[in-house]
Amino acid sequence: MSDSRPAPELAAMVAAYNHMNHYGRANGMALTVPEPGQAEYRMTVRDEHLSSPNTCHGGVLAGLMDAALGAAALSLAFTTLEFVSTVEFKMNYLHAVHLHDVLVARGAVDHAGNTLVVSSCVIYRVKPGQEDVAVARGLGTFNRYPATKRDFAKLVLQ
């Protein structure tokens, strides 16, 4: 059930989320939200993301996937003063990712129910002048809950 107060602007909520998202900052992930129910994370693979010479660890892609799936769901939940938490997600790795690859994860809500949100995402390797290459695909389920249950609400519900 949503809060009765009017929701702050989506941009303000995304800015507050970016401010408190230490995981995203530590991994060089930049979030943008084109509209509620959509999210895009961009990051460049760095030395600390490698599991073998020149190859990105799968856990880095899993973290990016969960972040993009969740941000898509969260951006929609923000509009009704709700948050989300991951219930589950699955992904398929399609291509290896290497040092200095630029990755763009595009997530979108596929279904928004009263208690669960389902979103999907594709992570692309992008290179100027070349067609984007899908390196992973995923699907996630998220639980909706009132924003007042988290301290984050204090940043945006003033």
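I took helices (H or I, at least four residues) and strands (E, at least two) as DSSP runs, numbered from the N terminus. The model is predicted: local features need pLDDT of at least 70, side-chain atom pairs count only at pLDDT 80 or more, and totals for chains, interfaces and linings use all residues. Residues are numbered from 1 along each chain as its sequence is written, and side-chain values use heavy atoms, with hydrogens and water left out.

**Overall fold.** I found four helices and eight strands in the protein. Read from the N terminus, their order is α-α-β-β-β-β-α-β-β-β-β-α. For contacts (heavy atoms within 4.5 Å), I looked up those with a separation of 6 or more; residues 24 or more positions apart account for 66% of them.

**Burial and surface.** I used relative accessible area with a 1.4 Å probe and protein chains only: buried is under 20%, exposed is over 50%, and partly exposed lies in between. On that basis, 42% of the 158 residues count as buried. By the Shrake-Rupley method with a 1.4 Å probe, the protein exposes about 8,200 Å², of which carbon and sulfur atoms supply 54%.

**Cysteines.** I searched the whole structure for disulfides (pairs of cysteine sulfur atoms within 2.5 Å) and found zero. Cys56 is buried, with a relative accessible area of 8%, and Cys121 counts as buried at 3% relative accessibility.

**Helix 1.** I listed the buried residues of helix 1 (residues 10–20): Leu10, Met13, Val14 and Ala16. Seen down the helix axis, they fall within an arc of 160°, so they line one face of helix 1; the arc is that of the directions from the helix axis to the C-beta atoms. Ala11 and His19 are exposed on the other side of helix 1.

**Thr141.** I placed Thr141 in strand 8 (residues 133–146). Thr141 counts as buried because its relative accessibility is 15%. Leaving out residues up to four places away in sequence, Thr141 touches Ser85, Thr86, Val87, Glu88, Leu116, Val117 and Val118.

**Largest pocket.** I took a pocket as an open set of points on a 1 Å grid over the protein atoms alone, with protein on both sides within 12 Å along at least five of seven lines; lining residues have an atom within 4 Å of a point. The largest pocket has a volume of about 390 Å³, the volume being the space filled by probe spheres set on the points. Its lining has 21 residues, of which Tyr17, Gly70, Leu74, Val84 and Ser85 lie nearest the centre. Helix 3 gives the most to this lining, with seven residues.

Definitions and conventions
On a 1 Å grid over the protein atoms alone, a cavity is a set of points where a 1.4 Å probe fits but cannot get out, and a pocket is an open set with protein on both sides within 12 Å along at least five of seven lines; lining residues have an atom within 4 Å of a point.
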